[in-house]
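Colleague: Could you walk me through a structure, feature by feature? I would like to learn how to read it.

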Amino acid sequence: MIFIYSPHITPRLEYVVEHLFENVLGVEFVLSSDRKAFFGHSGTCINYSTNSMGRGIWIKPHGLLEKRGVMGPLSFEEGQWEDLYCFFANDGYQVPFDIFSASFYLLTLYEEYMSKDLDDHGRFDAKTSLAFRKNFLETPLVDRWAYKLKDIMIRRYGEAESYVPRPYRFISTFDIDHPYQYRNKGVLKTIVCLLRDLARGKRNDFFERLRVVFRIQEDPFMSALYWIDSFHQKYKKNFYLFVLLSKNSKYGSKIIYPPRGYFRYLRSLLNAQIGLHSSYESFLNKRKVSKEKRQLEQVTGKKVTVNRQHFLKLQTPGTFRILSELRFSEDFSLAYSRHPGFRSGTSIPHRFYNVEFDSVARMWIHPTVVMDTSLMIHLKLTPEEALKKMQDLAGECKRVGGDFVMIWHNNNLAGHPAKNPWIKIFIQSFEYAISLENGNFGAENKINLN
């Protein structure tokens with residue numbers, strides 16, 4: 001049992017110590033402002049106050065956790081904690097910075113409340129984030145800080161048996177933006193596409209489109225979805241499937257006719273949890289999200305409690321507040337579209353904390369680590385480089401007992417493996433990630449292409 005003393009117990013402090021000690025380190029703690037109880041505690045204790053008090057591991061507070069609301073841009077001293085970057089630095093001996101304030105700043109996406117630096121889709125730009133600028137985006141820094149603090153506590157107080165390491169998990173997720181490549185596009189559009197294929201000399205595409213339209217061959221994107229399902233059955237692995245239903249949208253599913261066969265297939269899935277892939281325009285539109293949620297529940301015949309924003313388009317805190325109000329229990333939108341890594345500094349799920357109102361929602365946010373299009377399109381990595389990047393990120397999650405969450409799209413896994421090298425990369429990244437669940441870890445376990 002860890003006793004944490006602070007003269008100022010606030011919702012912010014309660015939130016962050018719960019994540020560090022309960023979610024990350026798996027250890028029981030007591031947070032108290034009782035000085036007498038602090039001095040009477042015989043085990044591990046932490047003093048989170050401005051006075052050293054001559055007892056416990058002293059962490060000097062910056063003051064952020066005593067504030068309310070968003071205070072505007074914060075100034076802070078930067079430093080190093082051995083091999084790790086830190087901020088809200090001070091002259092503390094064992095812990096040279098306010099680990100609680102720094103963790104709160106990252107977990108709550110505090111900097112995103114104030115930033116006007118948005119990309120061309122109106123999203124917070126990864127390149128302006130502290131994590132990108134200080135080169136720790138691909139490190140789950142909050143988790144690493146927690147483990148370093150754990151080492152200090154064990155060296156000083158023992159009680160190593162009190163910590164229950166959180167098991168690493170691999171979570172496989174898919175976004176279904178386009179269930180069909182050729183089917184259900186409408187007669188006029190199909191004719192135009194056929195003529196375009198001929199004009200561009202794409203005879204193979206022309207005949208494949210014809211075979212699909214006349215039901216001689218299955219649509220490639222649906223074939224990929226069938227394969228994804230059977231692949232996970234082979235490994236006895238459940239997965240998340242985020243379904244985009246919106247058609248009247250710039251980035252919608254481009255389907256004219258209701259895909260009834262697709263809907264029947266979704267209802268038949270046994271090892272997939274169906275989640276809503278909220279449309280591009282819905283990120284601040286509660287009414288639209290609610291409508292899409294009801295539509296998906298009608299399609300699947302099941303209650304929908306999980307969400308991911310299309311294009312990972314979200315605004316902090318507005319999007320998360322809407323999702324929480326609509327009673328989503330989990331969201332998987334927390335990632336950057338153009339860069340892999342740990343947007344909130346952690347690889348471990350945490351509850352949404354609204355800094356504006358200093359309130360904690362019931363909804364869990366799952367940090368998503370890497371997306372296929374980030375590697376393929378935005379970073380323009382070769383298949384070999386992409387595999388290495390995913391292995392490294394999975395290793396970071398394994399190191400701290402985090403969740404390695406990947407996003408793939410069915411359209412990127414369509415076609416024959418001989419012509420689509422990304423199918424092989426998916427298989428190898430999947431096998432590596434799942435091997436870490438079984439206890440394998442280290443450079444010797446990395447799966448090579450050769």
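Modeller: Happy to, and keep in mind that this is a predicted model. Let us begin with helix α1. Its buried residues are Arg 12, Leu 13, Tyr 15, Val 16, Val 17, His 19, Leu 20, Phe 21, Asn 23 and Val 24.

Colleague: Where does α1 bend?

Modeller: At Glu 18, by about 30 degrees. Just past the end of α1, have a look at Gly 26 too, which adopts a positive phi of about 60 degrees.

Colleague: Now a helix pair. At what angle do α3 and α5 pack?

Modeller: Helix α3 (residues 99-107) and helix α5 (residues 141-157) meet at about 160 degrees, and their axes are 10 Å apart. An angle over 145 degrees counts as roughly antiparallel, so that is the label for α3 and α5. The contact uses Ile 99, Ala 102, Ser 103 and Leu 106 from α3, and Val 142, Trp 145, Ala 146 and Leu 149 from α5. As for handedness, α3 passes α5 in a left-handed crossing.

Colleague: What about loops? Is Ser 347 buried or exposed?

Modeller: Ser 347 sits in the loop between β11 (330-331) and β12 (350-354). With a relative accessible area of 0%, Ser 347 is buried. Setting aside neighbours within four places in sequence, its contacts are Pro 140, Asp 143, Phe 342, Pro 367, Cys 397, Val 400, Gly 402 and Asp 403. Sequence separation is worth checking as well: Ala 394 is 47 residues away from Ser 347 along the chain, yet their C-alpha atoms are separated by 10.0 Å.

Colleague: Then Asn 412: why does this residue count as buried?

Modeller: Because its relative accessibility is 14%, and the cut-off is under 20%. Asn 412 belongs to the loop between β15 (403-409) and α14 (421-437).

Colleague: Which residues does Asn 412 touch?

Modeller: Not counting residues up to four places away in sequence, Asn 412 touches Asp 372, Thr 373, Met 376, Asn 420 and Trp 422.

Methods
Residues numbered from 1 in each chain as written. Predicted model: local features only at pLDDT ≥ 70, side-chain atom pairs only at ≥ 80, totals over all residues. Heavy atoms only, no water. Bend = angle between axes of the 7 residues up to and from the residue. Helix = DSSP H or I, 4+ residues; strand = E, 2+ residues; numbered from the N terminus. Buried < 20%, exposed > 50% of the residue type's maximum accessible area, 1.4 Å probe, protein only. Contact = heavy atoms within 4.5 Å. Axes fitted to C-alpha atoms, helices over the stretch in contact; angles between N-to-C directions. Parallel < 35°, antiparallel > 145°, perpendicular 65-115°, else oblique. Left-handed = near helix turned anticlockwise from the far one by under 90°.
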